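Keep the picture open as you go through the points.

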Amino acid sequence: MDFLLLGLTATTWQQLVMYGIGATLIYLAISKKLEPALLLPMGFGAILVNIPFSGALHTTMSGIGEVAGILEWLFEVGIEASEAMPLLLFIGIGAMIDFGPLLSNPKLILFGAAAQFGIFATVSIAVLLGFPLRDAASIGIIGAADGPTSILVSQVLRSEYVGAIAVAAYSYMALVPIIQPFAIKLVTTKKERAIRMPYNPKSVSRMARLFFPIVVTLFAGYVAPASVSLVGLLMFGNLIRESGVLGSLSETAQNAFANLITLLLGITISASMQAERFVRYETMLIMVLGLLAFVFDSIAGVLFAKFLNLFSKNKVNPMVGAAGISAFPMSARVVQRMGQQADSQNHLLMHAVGANVAGQIASVIAGGVILGLVPGMLV
Amino acid sequence: MIELFKQSLTLMWQGMLAIFVVIFLIYLVLLLFPKIFKNGK
């Protein structure tokens, strides 16, 4: 009868911690509605893969040999071997994005670049804390505020912290409404937050919308070739949307396709949340560093907006710079809300949305740039 | 450690430069778009 107790006696305290983490993620997803599409599957998956001798992972059975487990197989095929899942998700994301607010006010795209600074600042801090460069770069990319990019970069760089990085990236994206106001208030005065920006949208031609994804792909591809898969699939999705002749494909990419990949990505990434790899001191450090990355991103965006204001007649509300991160639309909403707290007649939403979609482009370019530069430094 | 930190600083300036170059090129093209595609064509 010992076999009935085999699982129970093999349970380690680290696995019990993982059950707690899984339950916390499920709680946050259901009760707090924090990124539920990702945190719920990840939370449940964290429990699945930490049951002793879990059949969700590859196991070795006496007399039979190795038997494939579905989650580990999905991880190997969909993430480890080809990075297919995070990449394919970009088709859906691209199909969801309306670049109109950005095309009608091109200046906003510059904020997307500035707000990637948190990635690199965090890499330096992670290195000082003793992480090797491949892991430091993978941790820094949490600052891209873009879950699929974080998973992709950490996986390509063969970081051993993929699970922790994914949890941090998605958790902090969901916590943008708490993190960003704190960071923005550190570097702005109420008077600055009250700066009004008139909104005079220019009409955007259909040809501009059609050429935009092609131009972005070409420029990103020539300067940072490693970003082609990321930027290319994002822009492919957007071209489907803007083409006007692929209505059903666009609809599918935005809904069924994106939902399916999200569902699989969440549960699959949990294969990297096995207790022996997850419950360690470094995971705590990664959570702190991920938070710092978001704070640095926001501060860099604000300071860049202030810098531009030195040379500009039409002042930009510095908070719009903080919306240059990829977390859409949470970041734009934060800026709108804070603007109205400073001045109830201040409407910054459309400017912030423009900066926010710029952040989505810049974050995938940043991912590609990291993938292009870091391997050369590891030699 | 110091060598690694220097590498991370190199990554910082090269990375930010690459991102700004791409974004600035896109910005220039966006400025040209209204001239290229007049009257919504």
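Predicted model: local features only at pLDDT ≥ 70, side-chain atom pairs only at ≥ 80, totals over all residues.

Leaving aside its neighbours within four places in sequence, which residues is A:Phe111 in contact with?

1. Beyond its neighbours within four places in sequence, A:Phe111 is in contact with A:Gly301, A:Phe304, A:Ala305, A:Val320, A:Gly321, A:Ala323, A:Gly324, A:Ala355 and A:Ala358.

2. Now step back to the core. The largest nonpolar core holds 149 residues, and A:Phe111 is among those with the most contacts inside it, along with A:Ile165, A:Val320, A:Val335 and A:Ile365. Helix α21 of chain A (residues 349-378) gives this core its largest share, 15 residues.

3. Helix α20 of chain A (residues 330-342) can be checked in the same manner. At 1.5 Å a residue its 13 residues should span 18 Å, and its end C-alpha atoms are 19 Å apart, so this agrees. Its buried residues are A:Ser331, A:Ala332, A:Val334, A:Val335, A:Gln336, A:Met338 and A:Gly339. The partners they pack against are α12 (176-187), α13 (190-193), α19 (319-322) and α21 of chain A.

4. Do have a look at helix α14 of chain A (residues 206-223). From first C-alpha to last, its 18 residues reach 27 Å, close to the 26 Å expected at 1.5 Å a residue. There is a bend of about 30 degrees at A:Phe212, and the proline A:Pro213 follows within four residues. Both A:Phe212 and A:Pro213 belong to the buried residues of α14(A), which also include A:Ala208, A:Arg209 and A:Val216. Those buried residues pack against α6 (100-103), α15 (228-243) and α21 of chain A, together with α1 (2-36) of chain B.

5. That brings us to chain B itself. Its secondary structure amounts to 1 helix and 0 strands, and its C-alpha trace spans about 60 × 10 × 5 Å along its principal axes. Of the 41 residues in chain B, 24% are buried.

Terms used. Residues numbered from 1 in each chain as written. Chains lettered and ligands numbered in written order. Core = buried A, V, L, I, M, F, W, Y, C linked by C-beta atoms within 7 Å. Buried ≥ 20, exposed ≤ 12 C-beta atoms within 10 Å, placed from the backbone. Helix = DSSP H or I, 4+ residues; strand = E, 2+ residues; numbered from the N terminus. Contact = placed C-beta atoms within 7 Å. Expected span 1.5 Å × (residues − 1). Bend = angle between axes of the 7 residues up to and from the residue.
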